[in-house]
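Here is a chain to look at.

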Amino acid sequence: MYNKYIAIITAENKEKYIANTINSCLKNSINGRLKIIIIYTHLSNEKFLKHKFKHFKNVIFLKSFLKRKYPTQDQLYKIYKALKYVKNEWVLLLDGDDLFKYNKIKVLDQLELDSEKIYLHSHETQVGKIKSVPKDKMYKKIFLYKKLFNDWPEKINTSSIVIKADLLKKFYNNYNPYKWKYLAIDVQLILYYFYKDKYKYLIEKLTTKIENINNLDKSFSNIFRKKYWVRRMEQHELTKKLSGKINCLDRFITFLFLKTLR
């Protein structure tokens, strides 16, 4: 059966959360129009999960026997492998510890989505039982800031990306995402199509991002660690490659921190 939507869930190291993540997708499975692909190399509770969801024909467990060295590249690779089971549905990316809001598919159905654009919708974050919505950083909208620092879109996260399968396949076929050690698929995908003028932000809040120690971004969130600045420099290099923009002041600050930190 042809499904209009496919959720691709990267589940590595998400044993504690993945069942809830799958259930949040199943609540959106209207008339079987959402297929759910869970891709992983190792899950300690694999047998339990397969038994729990064995009656759901739209839930597919896909094991990848190859695991890339860097977690960001491994996530990129696993999503690419999952694309072999996708026709041209709308792809909804989802980290294995995040949740779809109960009405995500209904809301997307009501929008006139352009198959030539990538969409990033709003989300809420949850720490323990406390939920909040990330606020806009107004200074990032100032023209001078965009010229001196950067014009990168805000609130980028994997679980809020909506993209047509053909567009996602073109990203992999026409571009080498494995060049970067630390840039995750969310930043690469968004910037790739942002600088092609094929990006749109949706104000609808359709995902809950669960903050925990296993988040891929956690190791890059400390500005006093060199890895934070290495990734930022990679993002500058990607920006230059895609748009020709230098981001002179931001790049200079990044360079100083790279030389100072060990």
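Q: What makes helix α3 mostly covered?
A: Nine of the 12 residues of α3 are buried. Buried means under 20% relative accessible area, exposed over 50%, and partly exposed in between (1.4 Å probe, protein chains only). The buried residues of α3 include Leu76, Tyr77 and Ile79. A helix here is a DSSP run of H or I with at least four residues, a strand is an E run of at least two, and both are numbered from the N terminus.

Q: What kind of model is this, and which atoms count?
A: This is a predicted model: local features need pLDDT of at least 70, side-chain atom pairs count only at pLDDT 80 or more, and totals for chains, interfaces and linings use all residues. Side-chain values use heavy atoms, without hydrogens and water, and residues are numbered from 1 along each chain as its sequence is written.

Q: What covers the buried residues of α3?
A: The cover includes strands β1, β2, β3 and β4 and helices α6 and α7. Contact means heavy atoms within 4.5 Å.

Q: Why is Asp97 called buried?
A: Its relative accessible area is 2%. The cut-off is under 20%, so Asp97 is buried. Asp97 is found in the loop between β4 and β5.

Q: Why is Lys47 called exposed?
A: Lys47 has 75% relative accessibility. Exposed means over 50%, so Lys47 counts as exposed. Lys47 is found in helix α2.

Q: Why is Phe255 called partly exposed?
A: The value for Phe255 is 41%. That lies between 20% and 50%, so Phe255 is partly exposed. Phe255 has its place in helix α9.

Q: How do you know that Arg33 and Asp109 meet in a salt bridge?
A: The N to O distance between their side chains is 2.7 Å. A salt bridge needs a side-chain nitrogen of Lys or Arg within 4 Å of a carboxyl oxygen of Asp or Glu, so this pair qualifies. Arg33 lies in the loop between α1 and β2, and Asp109 in helix α4, 76 residues apart.

Q: Why does the pair Lys141 and Glu154 count as a salt bridge?
A: Their side chains meet at 3.8 Å, N to O. The limit is within 4 Å, so the pair counts. Lys141 is partly exposed at 45%, whereas Glu154 is buried at 15%.

Q: How many salt bridges does this rule give?
A: The count comes to 17.
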